[in-house]
Amino acid sequence: MVERSAYCLVLLTFTIRLHSETHALYWPCESNYNCTANSSLCISATGQCECKEFDYVFSGDYTKCLKSSLFGDTCEEDIQCNLMPSAAYCKSGVCGCSDKETYIKGSCKQLSNLEQYCDESQICDFGYDRDSVQCKCNGTDAKCTCACADGYYFYGYFRRHGNICRRKSTEIDDACVVNEDCRNLGDNVKCMSLTCQHVDEIKAVNSIPVKDIANSSISGSEKNSFISSELSSSECVQSQGPLLKNQSWSNEFNPKTKSNIAEDNRTNFDFELQEHLLPLGTKIVNFDKSTDAKDKSHVVGSSCTENGKPCPNLSYSFCSSNKCLCKRGYYHKNGKCFAELGELILSSDDCESELDPKAKKCICPKNYFYEKSLRECRKPIQFHLSCTSDSQCSPFGDAYCHSEIPRRCTCEEYAEYNALLQMCVYTGTLNDKCNTDDDCPTKHSVCSNNRCKCGQYYIENGHECSAGVGAACVKNDDCFAQNSECTSSHSSDYEQKNKICQCRRGFVHFRDECLSEAEDIEAECVDSEQCKLLGASCNNGRCSCTHQQHFTNGYCETKKGIGELCSKATECYIGKDSKKLECRNSICQCRYGFQSDVAKKDCIRVVPSKKNSSGKPSALKVVTFLLIGSAFLVTSAAIKQAYY
């Protein structure tokens, strides 16, 4: 018992060491008995407590082990979202980034919008297609900004924020989502059934069932005709997947097999990926081929001995804390590491989607959309068809996939669908998406929770922000709230610059309104501020006194009983007949002629008797009579002496 207590003390006072790759907890132990968290054990080789499974982590209170979650997966605590340093956190039960960040290359980062500055450390916001944007530099001045990639065009019209760069369709029967995709093919070409068709052929096309691009009806050549869009030497970032230095590929590379890749080329490429993706400062060593030949059993989570090196026979991995883990931009599934969309790969077997044979990257098919987790692709749809993800609605402007069944692409509350443009367009600027206040052009609007809202003291009035109570004004007409007026904020200062909108006399401010003050008890009310002059509160829509108050002289006074401190007579209360009680010497006491009954908390009237019990004059009356007589004799003697 003493030993267990000692280790519990160690648990409370030990130093927590978070490894940059695994967020593992340093918990010293000598046996399993010392590891008190459920599903944990003591690793004798390291002398540390660990969860039994490699992809489990200790909960925040160190009482249990929780399974690590990838971006977009369910979670209970933030720690589950950080098997790799993703900077994600558990938001509404799902691992996600903050509102201003995007998940890319295994971590959450704040990306640059179109036309914003970018460099090698800043990646351009790609929306739902990583290949749709590039960081381009302007000539020799090296001014680099985010722009749509070659082969893509900006699809926004009224949209001022976000990156909606759409792929250009290059030929008849090419995949498309909206008419604008086919624009370069001629004015008489439209997007019908998700392919570009001549207008005079539309009737014939309409008789054919809608194609599902995900079906095998797409030819192999179509699936592999993806845009590589490599940057020129003047561009600052080769974000479209250029080959890494010293990379060598077989001329007979087959995306569906590995057999034609030379072993030394594969080893060299895997080493280059390791060098490119590991945290800065990590020591990198080439594969030891003899070790590789000896050990063929490595899978994600298996033991390894050389930290910082790739795990033999396990692509896109590295050894960390003696465990084989996937590098950033790659994720674990069925014991191996798969590439996220946009990441370099050795073979099509290393990607759950498609391989771009030119850029050697994992990508989605034409016009398919990247999920935010970068692990799945969503097929394109027409606006009126059912959807499963917001990404499918992205070509239609400010639209989202409604959560209610049947799920359909729906315009945001501030937008309306324009059939001619085939997109949801803004009806105003309020409630628009934003990153900073500068993104909100409406006067007196600010960016709040990534939406343009009216600022403090201002009220949304259509597409404008009008002056509410507290807002600066010049004249009464400036004040939007009913029953408000433009008055000086200080009675001694009448300068216009200090005038603000305030409620008129007889009205009180509540939210965006000026409500009338209550004139009597039981008057209708919305807020207790209306009942303030009566000392009352608003209960069930009426001004009334609380149980601790009583109504007297047109005001709700605090109830004070016998013996309680008081400041005025109206506070003293013992029921309907409160005249029996008064505030005397700052204490509620019974009036003269009343006697307090503490048990009943009441004042009882005292009735005096006419005689004493013996029927003889009382001593008080005798004394009083003698005093009066003595005074008479003294007075008579004084008068006699004065005259004689």
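Rings of Phe, Tyr and Trp, the last by its six-membered ring, pair if their centres lie within 6.5 Å. By this rule the predicted model holds 6 aromatic pairs. One of them joins Trp-27 and Phe-58. Their ring centres are 5.2 Å apart. Their planes meet at 55 degrees, so the pair is tilted. Trp-27 lies in the loop between helix 1 (2–13) and strand 1 (40–43). Phe-58 belongs to strand 3 (residues 56–58). The pair thus links distant parts of the chain, 31 residues apart. Both Trp-27 and Phe-58 are buried.

Phe-383 and Tyr-417 also form an aromatic pair. This pair is stacked, with 4.1 Å centre to centre and 15 degrees between the planes. Phe-383 sits in the loop between strand 22 (377–378) and strand 23 (399–401). Tyr-417 is part of strand 25 (residues 415–418). Phe-383 counts as buried because its relative accessibility is 18%, and the cut-off for buried is under 20%. Tyr-417 has 35% relative accessibility, so this residue counts as partly exposed. Phe-383 and Tyr-417 form one aromatic cluster with Phe-396.

Charged groups also sit over aromatic rings. Arg-375 lies over the face of Tyr-331, at 5.6 Å from the ring centre. The charged end of Arg-584 is placed over the ring of Tyr-592, 5.0 Å from its centre.

The largest nonpolar core has 47 residues. Within this core, Tyr-330 and Ile-345 touch the most other members. Two or more residues come from each of strand 7 (102–104), strand 9 (133–138), strand 10 (143–148), strand 16 (323–326), strand 18 (336–339) and strand 20 (361–363). A second core is separate and has 21 residues. Its members include Phe-369, Cys-409, Cys-411 and Cys-424.

The model contains 31 disulfides. Among them is the link of Cys-182 and Cys-196, with sulfur atoms 2.1 Å apart. This link is left-handed, with -90 degrees about the S-S bond. Cys-182 lies in the loop between strand 12 (165–167) and strand 13 (189–192), and Cys-196 in strand 14 (residues 195–198), so the bond ties together parts 14 residues apart in sequence. Both Cys-182 and Cys-196 are buried.

Another disulfide joins Cys-545 to Cys-556, with an S to S distance of 1.9 Å. The angle about its S-S bond is -80 degrees, and the link is left-handed. Cys-545 is in the loop between strand 36 (542–544) and strand 37 (549–552). Cys-556 is in strand 38 (residues 555–558), 11 residues apart from Cys-545. At 23% relative accessibility, Cys-545 counts as partly exposed. Cys-556, at 3%, counts as buried.

Cys-590 and Cys-603 are also joined by a disulfide, S to S 1.9 Å. Their link is left-handed, with -85 degrees about the S-S bond. Cys-590 belongs to strand 40 (residues 587–590) and Cys-603 to strand 42 (residues 602–605), 13 residues apart. Cys-590 is buried at 9% relative accessibility. Cys-603 is buried too, with a relative accessible area of 3%.

The mean pLDDT of the protein chain is 76, and 73% of its residues reach 70 or more. Over residues 1–24 the pLDDT stays under 50. For that stretch the model has 39 contacts beyond four places in sequence. Residues 204–295 also have pLDDT below 50. Beyond near neighbours in sequence, residues 204–295 have 176 contacts in the model.

Methods:
Residues numbered from 1 in each chain as written. Predicted model: local features only at pLDDT ≥ 70, side-chain atom pairs only at ≥ 80, totals over all residues. Heavy atoms only, no water. Core = buried A, V, L, I, M, F, W, Y, C linked by side-chain atoms within 4.5 Å. Buried < 20%, exposed > 50% of the residue type's maximum accessible area, 1.4 Å probe, protein only. Helix = DSSP H or I, 4+ residues; strand = E, 2+ residues; numbered from the N terminus. pLDDT = per-residue confidence, 0-100. Contact = heavy atoms within 4.5 Å. Phe/Tyr/Trp six-rings, centres within 6.5 Å; stacked < 30°, edge-to-face > 60°. Lys NZ or Arg CZ within 6 Å of the ring centre and 35° of its normal. Disulfide = S-S within 2.5 Å.
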